[in-house]
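The model comes next, followed by the text.

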Amino acid sequence: MRALSSLLLLAAAPLALAVKLEDFKTCDKAAFCRRGKAIAQRAGENPDWKSPYSVDPSSLAISSDQTSFTAAVKSSLYPEINFGLDVRVHKDGVVRVRMDEVNGKGKRYDEAASWALVAEPEISKDIRWTVGKKEVRATYGPKGNKVDVEIAFNPLVVTLSRNGRTEVALNSLGLMHMEHFRTKEEPQPTPEAVEGEESAQTVMEVPNPRSWFEGEEEDGYWEETWKSWTDSKPKGPQMLSMDISFPNHEHVYGIPQHATRLSLPTTSGEDSYYNEPYRLWNSDVFEYMADSTMSLYGSIPVMYAHSKESTVGIFNAIASDTFIDVAHPSAHSSYTHWISESGILDIFLLPGPKPADVFKQYTGLTGTQELPPHWSIAYHQCRWNYVSSDDVRTVQRRFDEENIPVDVFWLDIEYAEEHKYFIWDKKNFPDPVDMANDVSAVARKMVVIVDPHLKRVQSYPVYKEAQELDVLAKTKDGQSEYEGWCWSGSSAWVDFFNPASWEWWKGLFKTSQGSSDKCAWIESTTDVHIWNDMNEPAIFNGPEISMPRDNIHYGGWEHRDLHNLNGMLFSNQTSQAVRARTDPPMRPFVLTRSFFAGSQRFGAMWTGDNLGTWEHMAVGIKMVLSLNLAGFSFSGSDVGGFFGNPEPEMLVRWYHVGAFTPFFRAHAHIDTKRREPYLLDEPYKSIVRDILRLRYSMLPIWYTAFHESSVNGMPVVRPHFVVFPEDEAGFAIDDQYFVGSSGLLVKPVTEKGATEAQVYLADDQVYYDYFTSHAYRGAAKGRNVTVPAPLDRVPLLVRGGAVLPTRERPRRSSPLMRRDPFTLTVALDTAGAARGTLYLDDGESYGHAAGALVWREFTAARRGRATHVASADLAAAAAAHGQAPTANAGAGADVGVGTGAVVYDPQNAFADEVRAVRVEKLVVLGLERRPGTVTLGGAELEWEFVPGVASGAGKEGAAARLVVKNPVASIVGDWEIVIQ
Amino acid sequence: MLPVSWILLALPVSALAAVDKAYGVSPSLLEKYTPSSKSTWTCLDGSKEIAWSAVNDDFCDCLDGSDEPGTGACPNTSFYCTNEGHIGAFIPSSRVNDGLCESECCDGSDERPGVCKSTCKEVGEAYRAKRDAERKLRKTGSKIRASYIAFAVKEKKRLEDVVITSEKEVAAQQREVNRLKDLVERTESLSMAALEHRKESPLYRALLKHHQVLKSLQKEHEKHLEREKELGDILSNLRTGYNPNYQDMAVLEAVRGWEFLAGLPHINDVHKDDQPTEEELGSDEVEEEEEEEEDILTVEELEEELPALLESDYESLLIEHDKHVGTPSDESLLFNVGSYVPDALLPQFEAVRDGLLTWLRTFGIIKGGSDGEPADTSRAKQALSSAENALRSAEREKSNAEQDLSRLFDPKWFGRDGEWKKLQGTCLEKSIGDYTYEVCLFGEAKQKPNSGGTSFSLGHFDRWNDAAGLELGSPEYYSKQYYARGTKCWNGPMRSVQLVWTCGTENAILSVQELEKCEYQFTGTTPALCLPLEDLEKKKDEL
């Protein structure tokens with residue numbers, strides 16, 4: 001929603017803003033990172049460098065069912081310290097490598113994975129470990145895709161290779177280091193405690209046998225002061241360093257959230273693009289830069305490496321402060337170095353080999369994108385702040401007067417009296433329930449903010465209850481309530497790691513008091529959903545605008561250990577709370593700013609407080625693509641930019657970006673001018689209205705893409721390399737992308753004054769302009785085409801071979817489209833064929849998990865001189881193959897419906913409900929010639945044909961266009977139309 | 001609008017085709033919805049001929065959407081509901097068959113049969129009741145408005161009278177000024193020669209230089225004072241307006257620095273116990289005070305002395321100086337000047353001189369005639385200057401009255417009928433939360449803290465609603481007043497107010513909202529906007 005400060009932000013001034021870099025640490029300001037970097041430095045300077053870590057072969061123990069093994073690991077630096085290694089292979093081929101100190105003086109944080117993983121992964125039963133003299137290995141997978149996992153003993157190196165080619169290696173550069181727990185050595189009182197050279201020489205007389213690796217000095221082991229804050233570090237050093245190499249992959253993607261390109265630019269090595277490693281430390285960065293490795297609000301430590309030959313990935317389940325260097329030692333290899341402050345080694349190797357495989361493997365671990373309520377993929381209107389209930393009503397009225405569709409009105413922090421969330425500011429919101437009901441009368445929703453900081457006043461019942469329950473975060477003494485400053489002034493933070501907070505938090509969102517004597521939000525309705533902001537947590541007077549690292553959470557863990565998880569636990573609990581408001585439960589919508597691996601199970605995210613600049617508009621697309629790869633498909637950036645007053649041209653282009661982003665919300669800072677679409681002058685107002693109507697007409701496509709993502713983890717928006725994994729020219733493209741499997745290719749304009757755009761077509765296929773049906777031709781080795789891009793048009797192409805289901809009747813809100821007829825656009829490919837899918841359900845309940853859904857497949861195929869367009873029941877087909885037609889493992893399982901069994905009945909209640917919804921129009925692009933007849937079941941249909949370019953003709957120009965009127969009476973049934 | 005349950009009627013397409021062809025058609029277009037002899041129909045824009053059966057078949061055939069008046073299949077068209085028992089209404093096609101019963105279509109015709117029940121009887125009754133109430137309000141309001149217009153008419157008369165009186169006054173004063181000017185000119189020309197000589201004195205020249213420098217210094221000083229005040233205002237606003245939650249050290253330092261400098265107590269402090277007591281602050285202030293040097297004037301003295309000094313009449317001083325140091329000329333120049341006048345002209349000169357002296361004596365500008373009092377040109381000048389002042393004030397009165405007159409029936413000011421004149425200077429208040437908002441109509445709007453303290457100007461009357469497309473002087477034009485250029489926000493624009501008026505029997509502010517940073521919206525009622533019913537209805541007819 002906002003970052004730290006609005007100071008000096010002049011509403012009318014052009015945006016010449018900058019992040020306060022000094023508020024955040026760089027690697028050289030963090031002792032653990034300095035130590036980790038120093039290891040890499042020393043290794044680089046020492047040609048004889050060898051990792052001190054090795055496996056003790058005698059300790060190797062393979063489990064009785066052969067599925068995993070454990071072994072002792074020793075470091076030659078500290079022979080007396082014991083480490084334990086545990087390696088296992090999951091059913092889907094993912095390899096999990098874990099290492100921790102055994103019987104040490106302390107305990108490293110080992111719970112990050114348990115929060116991130118959706119469930120304990122199933123171990124493969126087919127693995128056989130072979131123990132050799134120098135290594136232990138297992139080989140698995142089908143022929144042609146043989147994966148080999150090898151753990152070399154001395155030094156310890158883990159390698160995953162395929163068909164003899166190394167895909168990913170851990171510690172192959174010997175940078176692995178797990179700083180063990182040690183006792184602080186009190187300085188010896190030396191008799192001649194004179195300062196100067198003499199004492200320095202005394203130290204040098206005792207050579208440190210470990211200095212070749214660890215260095216001479218104990219750099220910030222026991223205490224660290226930065227700016228005005230001192231981190232007490234009672235556990236001493238516990239840094240974890242690991243090099244992860246992809247010796248045969250040129251591109252690495254992932255580790256969001258950074259405002260940078262999709263294919264990660266280098267941070268080390270010669271001529272590196274950046275000179276600072278990527279950082280993962282969830283931070284509220286005020287006015288962040290559009291091109292930087294700085295950490296932002298959330299962290300997903302997953303990285304993919306991609307080449308023409310294969311795609312692999314790693315998921316590093318670590319939640320402490322982490323810096324990651326990226327380098328390309330050669331043109332076709334990638335090297336990364338991960339330095340974390342604390343936590344065990346817990347790395348998952350994702351073997352691929354294709355992009356779709358790594359996404360399935362990653363979301364198999366952390367869960368797929370939760371299928372959102374349908375309304376939440378429509379348009380959201382937000383501002384800091386709509387200042388009163390009458391203001392909300394006026395905004396709604398103005399939208400309706402101008403016939404501009406919108407589904408959700410949002411309230412930022414000013415609704416709450418003194419920023420005491422749940423408590424309405426009655427001066428301005430005297431009638432919150434009536435207000436919410438006025439909004440839902442037009443089938444709309446509201447989203448209201450609830451932040452994790454609680455104002456520390458006894459008159460605030462939520463704070464009082466949290467205090468009584470003893471679920472507030474503690475200072476370093478582990479006893480006292482931590483006090484920090486946030487919107488509400490002096491505040492305390494709920495410790496969601498404490499299970500005692502969970503039921504209480506759920507109760508806060510109940511819209512009726514029931515029999516509970518605790519707080520409930522009776523001045524709310526079940527049409528009000530929730531926005532979780534500031535959950536990094538953002539703390540205005542804390543180090544790096546967050547919590548002190550030595551604060552204590554439930555279980556005695558320090559904040560440093562679990563910081564990056566904090567935001568996810570908050571949105572997790574909130575989404576459960578919102579779901580639990582009703583019986584039966586309804587799908588919650590929770591927007592979060594901070595996130596971690598797994599947050600996709602709990603709702604949506606946005607890229608925080610962006611600036612109203614063209615650079616931020618452009619980088620927002622790249623950030624959303626990166627998040628989509630990292631499993632968090634339901635993502636978007638503030639349309640218009642949070643800070644600043646975008647000129648109309650910029651705002652219009654930004655609406656185009658938003659309309660092709662999974663999460664589509666306009667939002668603005670309190671100091672900005674109002675910019676709701678109805679306030680725009682013509683022609684901008686009409687252009688934005690049309691953009692919103694375009695998004696609404698395409699909601700069936702988006703919802704189908706979300707459904708696919710919820711089932712198999714495929715991103716909702718897909719960059720080029722995902723769709724064309726072997727087209728090297730597309731690997732770095734991050735300004736154009738595909739929407740789901742629909743075949744829609746979009747390239748939003750992010751430049752001022754543009755009138756056309758270059759679109760890259762990766763394959764020898766026909767692409768049709770969505771608006772004009774103009775046929776463009778790609779080429780097998782890739783080709784750029786010039787597409788007109790006047791202000792009222794986003795470059796949007798349909799790849800030949802797609803069938804697009806749309807709903808073309810403009811409505812005020814998306815639920816009002818539920819019984820509108822469909823239009824099917826068949827974009828024939830060069831062979832005259834096409835395929836598309838449509839997924840529908842009631843959009844708000846969990847009925848889909850019990851099979852209440854419609855899932856259709858539309859195909860077009862040439863048979864002789866005829867083209868057959870048909871619809872088949874995909875859900876029934878999936879059920880026949882023993883596959884569930886919908887994701888019912890996640891929330892569905894939580895709420896007790898859909899127990900994983902394949903449930904599908906074509907006559908289900910939802911199918912019955914939409915049986916009367918017809919296909920009002922069938923459009924076929926690229927037919928070879930004027931049809932003689934167009935028939936359904938032998939009966940002639942009404943149609944029109946405009947001659948033009950045929951799909952297979954190799955020409956460009958307006959495509960041949962057949963329009964069939966009212967072809968099919970029901971979207972639900974099977975049918976076949978013959979175009980003869 | 002009532003949400004209705006999502007029961008979909010399993011209507012086959014053929015059943016939809018059975019919708020009446022004229023369904024949803026506006027009465028004025030009804031006759032166009034008839035089939036041709038070949039059972040075809042031409043889209044209203046003439047672009048296409050379609051089968052008669054394709055009209056209202058829930059599929060959009062015509063580019064202009066005219067073939068689907070009753071189904072909502074064509075975007076951007078209108079649907080007409082007859083609303084029997086009430087009055088007909090149009091709704092956008094996007095609201096037809098969307099599952100919601102539109103309040104505008106009380107007959108329920110916007111949804112499929114059976115979805116919405118007709119509520120036209122109740123709606124009609126409610127509408128009439130509301131309309132009657134509105135009429136009543138308008139009637140009462142328009143009576144008050146009429147009294148405002150009557151006031152304006154009287155005001156016109158009064159102002160015209162003022163113009164006439166002040167015109168006379170101006171003429172009289174003008175004559176006086178002319179006469180005095182003449183006198184002074186003569187006096188000056190007589191004394192000029194001698195004066196010129198004395199003005200050569202180095203002392204006089206130094207004095208002039210001093211004057212010039214002092215004057216410049218004063219100007220410069222004033223400029224600095226003004227800047228200091230502005231800076232102080234900015235800092236005071238920062239101090240009271242900054243959000244302590246932001247924890248921006250630069251702002252905190254600025255605020256603390258200002259508090260120290262201005263001797264203000266700390267506000268918004270994180271650590272309340274750090275707050276110094278008033279005594280501590282007081283003692284700080286004492287220490288701050290600089291030791292006073294002797295011969296240095298205090299600020300107050302300076303403020304008093306400097307303007308007086310600058311207003312000195314140096315020529316008079318010169319003459320007095322002469323007297324003081326005992327120059328030979330012990331008689332006023334005016335009396336001695338005769339010796340320089342050529343003999344031939346002497347009689348005329350003496351006549352003029354005597355006349356002048358008589359006049360000067362009469363007005364007490366010079367005393368006696370023979371006792372040698374200096375007949376100072378400066379005294380003559382003073383008389384002239386006060387006459388000129390009187391003239392200016394008379395002129396001002398006249399031009400004010402003329403301006404008031406011209407604005408009285410100016411649509412950009414008090415309206416064609418002058419109905420707003422009565423409200424000029426009327427101050428309305430609304431207390432909301434911590435502040436009371438006040439607007440003195442056609443004057444200034446203010447935000448006053450209820451707990452005391454400085455109030456902020458939210459701007460001065462700037463204009464009426466001049467949005468594009470609005471007719472000057474129309475009721476819509478008067479529905480909004482803008483007050484602009486109020487105190488600048490420390491992190492935003494200059495404060496401003498948009499005052500939205502509706503007709504009401506009272507002059508009152510109903511609500512105040514800060515929709516954007518430092519941009520306020522007031523809503524209020526006033527009888528001035530209550531047009532007589534006849535006028536409104538006439539307007540409707542014209543449309």
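Domain bounds here come from an automatic or database domain assignment. The model is predicted: local features need pLDDT of at least 70, side-chain atom pairs count only at pLDDT 80 or more, and totals for chains, interfaces and linings use all residues. Residues are numbered from 1 along each chain as its sequence is written.

In chain A the assignment gives domain 1 (50-180 + 237-255 + 300-366) and domain 2 (719-979). Taken over C-alpha atoms, the centres of these two domains of chain A are 40 Å apart. Contact means heavy atoms within 4.5 Å; eight residues of domain 1 of chain A touch seven residues of domain 2 of chain A.

In chain B the assignment gives domain 1 (1-118), domain 2 (149-234 + 290-419) and domain 3 (425-542). Seven residues from domain 2 of chain B and eight residues from domain 3 of chain B make up the contact.

Buried area is the accessible area (1.4 Å probe) that two parts lose on being put together, summed over both.

| Domain pair | Buried area | Carbon and sulfur share |
|---|---|---|
| Domains 1 and 2 of chain A | about 850 Å² | 71% |
| Domains 2 and 3 of chain B | about 720 Å² | 60% |

On the domain 2 side in chain B, B:Lys412, B:Trp413 and B:Glu419 supply 53% of the area buried against domain 3 of chain B, more than any other three residues.

A salt bridge is a side-chain nitrogen of Lys or Arg within 4 Å of a carboxyl oxygen of Asp or Glu. Between domain 2 and domain 3 of chain B the count is zero, whereas between domain 1 and domain 2 of chain A it is one. A:Glu726 forms a salt bridge with A:Lys354, with the closest N and O atoms 3.4 Å apart.

Terms used. Chains lettered and ligands numbered in written order. Heavy atoms only, no water.
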